[in-house]
Amino acid sequence: MAAWCLVNGTPAQGPERPLGMEGGGNLDPQSVAKMPGEMDKPLISHHLVDSNYSLAEVPSEAPKVGILGSGDFAHSLATRLVGSGFCVLVGSRNPKRTAGLFPAAAQVTSQEEAVACPEVILVAMFREHYSSLCSLRDQLTGKILVDVSNPTEQEHLQYHQSNAEYLASLFPTSTVVKAFNVISAWTMQSGPRDGNRQVPICSNHPEAKHTISLMARSMGFTPVDMGSLASAREVEAMPLRLLPDWKVPALLALGLFVFFYAYNFTRDVLQPYVQENKNKFYKLPVSVVNTSLPCVAFVLLSLVYLPGVLAAALQLQRGTKYRRFPDWLDHWLQHRKQIGLLSFFCAALHVLYSLCLPLRRSHRYDLVNLAVKQVLANNSHLWVEEEVWRMEIYISLGLLAFGTLSLLAVTSLPSIANSLNWKEFSFVQPSQQRGVSARTTVSSCDHTGPHCILLSRSPLWASWRWC
Ligand SMILES: Cc1cc2nc3c(=O)[nH]c(=O)nc-3n(C[C@H](O)[C@H](O)[C@H](O)COP(=O)(O)OP(=O)(O)OC[C@H]3O[C@@H](n4cnc5c(N)ncnc54)[C@H](O)[C@@H]3O)c2cc1C
Ligand SMILES: NC(=O)C1=CN([C@@H]2O[C@H](COP(=O)(O)OP(=O)(O)OC[C@H]3O[C@@H](n4cnc5c(N)ncnc54)[C@H](OP(=O)(O)O)[C@@H]3O)[C@@H](O)[C@H]2O)C=CC1
Ligand code: HEM
Ligand SMILES: [Cu+2]
Ligand SMILES: [Fe+3]
């Protein structure tokens with residue numbers, strides 16, 4: 001009985017597909033994928049492995065995996081693989097020096113010995129050292145070599161051939177698979193805690209890809225098939241990206257903020273100072289920021305829905321929906337989520353700032369001064385019914401609007417979006433599914449307050465009439 005079959009205590013007899021790995025252990029992705037994040041709790045039952053993962057007690061049938069290299073990533077891979085029930089052989093140029101760093105259950109040995117037995121070998125080394133492995137070529141024939149490497153930005157520009165393709169050219173008799181490069185050593189070791197760590201995998205050999213996919217799944221990751229090895233360059237570029245989808249929306253938000261801040265500064269601070277010689281510079285940190293934030297939030301929110309309207313107009317004008325949008329519109333449509341979330345961020349800040357307004361000392365002085373004026377004027381009761389209602393409604397609508405916007409933002413979280421079907425998602429997030437006409441008829445209203453317009457635009461409230 002292979003170690004895998006004892007996972008969860010019951011012999012797994014499910015509809016497993018052959019893994020093609022040494023030892024013939026059956027990887028049942030269902031039972032294996034539920035790995036907890038902690039590496040100190042290996043999947044294999046504790047009857048089989050003690051807390052030190054003592055090798056002697058690991059059944060020899062456990063699927064064997066070789067790792068070349070003994071650096072940070074090799075260490076993380078070994079720890080994770082041991083915790084996932086694999087038998088790990090680490091090949092180092094200097095096994096004596098490095099053995100102490102690895103879990104006891106991982107066998108640290110020479111490169112030759114580490115690749116002798118396993119069918120799958122992870123190459124945890126940098127590209128420039130690949131050629132030093134050429135002496136192992138015969139031993140590696142027919143085996144699966146997994147390229148986990150990440151090029152630096154400079155290397156990525158310098159070489160037209162991806163690291164994985166380069167490895168494949170050095171070892172034409174082996175099967176090369178690109179995988180795991182998007183996972184950092186830290187995540188590899190501590191485990192995919194958010195439950196949705198995707199590992200793009202590509203190879204020219206579907207069977208090898210399948211084997212590595214099962215292995216990734218049993219390590220707690222979600223394999224994503226990226227096709228042939230020609231995609232390796234794209235896969236290697238992934239970790240180099242720095243929030244590419246956020247750059248333009250963030251700059252846009254910043255630009256809008258600067259614009260509105262300058263405007264509000266001129267209106268609320270500079271003009272009173274120049275014309276009436278009043279010192280209102282205390283407004284700079286809170287008040288001017290708070291009047292600018294909702295304006296940014298509003299403009300951003302309208303920029304989320306405007307491209308949909310433009311797209312619809314364009315389609316009507318063209319008389320067909322089967323033609324590509326111009327690039328600028330296409331990009332705009334694709335950035336709506338980011339723009340929407342930035343709008344939410346500004347609105348949330350505005351709410352925080354607004355709730356803090358009465359905490360300010362200036363507010364207290366204003367209140368006291370007003371009170372003194374009342375006393376001097378011999379007024380004992382100040383209550384303007386209209387003002388009271390105005391403020392109640394103002395804050396109530398603001399909070400409702402904020403709550404609605406929060407719903408939009410929360411459903412943007414992948415884990416939540418994934419749990420909704422398309423109908424549910426489009427109920428919360430207005431979507432391509434429904435006709436534009438239904439949504440562009442903003443309920444007409446003679447009330448011009450900001451919160452009001454916002455509410456009437458939101459689909460959840462679309463059938464409501466506020467005024
Ligand atoms: C806080 C917040 C969070 C958000 N989070 C998300 C999110 O997680 N995910 C998300 O997708 N959006 C998100 N958004 C953005 C917004 O909810 C969606 O982009 C929504 O789809 C916009 O709908 P719309 O009313 O502009 O209509 P659209 O969906 O733009 O539709 C208008 C019309 O244009 C046409 N059209 C639009 N796009 C295309 C296209 N690519 N090809 C062909 N025809 C097209 C359709 O015929 C459609 O009828 C978020 C917004 C906010 C404020
Ligand atoms: N660190 C990370 O977070 C991630 C790393 N990676 C990739 O994993 C690979 C290894 O990275 P990492 O572990 O951080 O790097 P390290 O520098 O920590 O490890 C590299 C290892 O390569 C081995 N090696 C074999 N031949 C040579 C040689 N000729 N010269 C120098 N070293 C050699 C060494 O092991 P020994 O001396 O025992 O032979 C060394 O420990 C890289 O390709 C990297 O892009 C991918 C994702 C994340
Ligand atoms: C999505 C939510 C919201 C949006 C889009 C929004 C929008 C706006 C806008 C455009 C203004 C006018 C700013 C100006 O020019 O002076 C404003 C002002 C204000 N909002 Fe909101 N608001 C939202 C939520 C809230 C909430 C939840 C509250 C209260 C808890 C609130 C309280 C205020 C207050 C007190 C002002 C007056 C600020 C000032 O002193 O000028 N808003 N809001
Ligand atoms: Cu209204
Ligand atoms: Fe209003």
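Where is the place of N378?

## Loop residues with positive phi

In this predicted model, N378 is found in the loop between helix 15 (361-376) and helix 16 (385-410). Its phi is near 60°, a positive value in a residue other than glycine. Most residues other than glycine have a negative phi. N378 is exposed, because its relative accessible area of 69% is over the 50% cut-off.

A second residue of this kind is N277, whose phi is near 55°, again a positive value in a residue other than glycine. N277 belongs to the loop between helix 11 and helix 12 (287-318). With a relative accessible area of 60%, N277 is exposed.

## The surface around helix 11

Helix 11 spans residues 247-276 and includes Y273. Together with L270, V274 and F281, Y273 forms a nonpolar patch on the surface, and these residues have about 350 Å² of accessible area together. Y273 itself is partly exposed, with a relative accessible area of 39%.

A salt bridge joins the side chains of E276 and K278, at 3.2 Å from N to O. E276 counts as partly exposed at 47% relative accessibility, and K278 is partly exposed at 40%.

## Salt bridges

Side chains of opposite charge can pair when their charged atoms come close. Eight salt bridges are found in a search of the whole structure. One of them joins K178 and D147, with a distance of 2.7 Å from N to O. This pair links distant parts of the chain: K178 is in strand 6 (residues 175-178) and D147 is in strand 5 (residues 144-147), 31 residues apart.

Are K178 and D147 buried or exposed? K178 counts as buried because its relative accessibility is 0%, and D147 is likewise buried, with a relative accessible area of 0%.

Another salt bridge brings together the side chains of R324 and D327, at 3.1 Å from N to O. Here R324 is exposed, with a relative accessible area of 58%, while D327 is partly exposed, with 49%.

Several polar atoms lie close to the ligand. A polar side-chain atom of R93 is 2.8 Å from an oxygen atom of ligand 2, and a backbone N or O atom of D72 is 3.1 Å from an oxygen atom of ligand 2. For H129, a polar side-chain atom lies 3.1 Å from a nitrogen atom of ligand 2. The protein covers 79% of the 880 Å² of accessible area that ligand 2 has on its own.

Terms used
Residues are numbered from 1 along each chain as its sequence is written. Chains are lettered from A and ligands numbered from 1 in the order in which they are written. This is a predicted model: local features need pLDDT of at least 70, side-chain atom pairs count only at pLDDT 80 or more; totals for chains, interfaces and linings use all residues. Side-chain values use heavy atoms; hydrogens and water are left out. Patches are made of residues with over 30% relative accessible area and no salt bridge: like charges are joined within 9 Å, nonpolar side chains (Val, Leu, Ile, Met, Phe, Trp, Tyr) within 5 Å. Accessible areas come from the Shrake-Rupley method with a 1.4 Å probe; for residues, only the protein chains shown count as cover. A salt bridge is a side-chain nitrogen of Lys or Arg within 4 Å of a carboxyl oxygen of Asp or Glu. Helices (H or I, at least four residues) and strands (E, at least two) are DSSP runs, numbered from the N terminus. Buried means under 20% relative accessible area, exposed over 50%, partly exposed in between (1.4 Å probe, protein chains only). A polar contact is a pair of N or O atoms within 3.5 Å; within protein, one must be able to donate a hydrogen and the other to accept it, and residues adjacent in sequence count only if both atoms are side-chain atoms.
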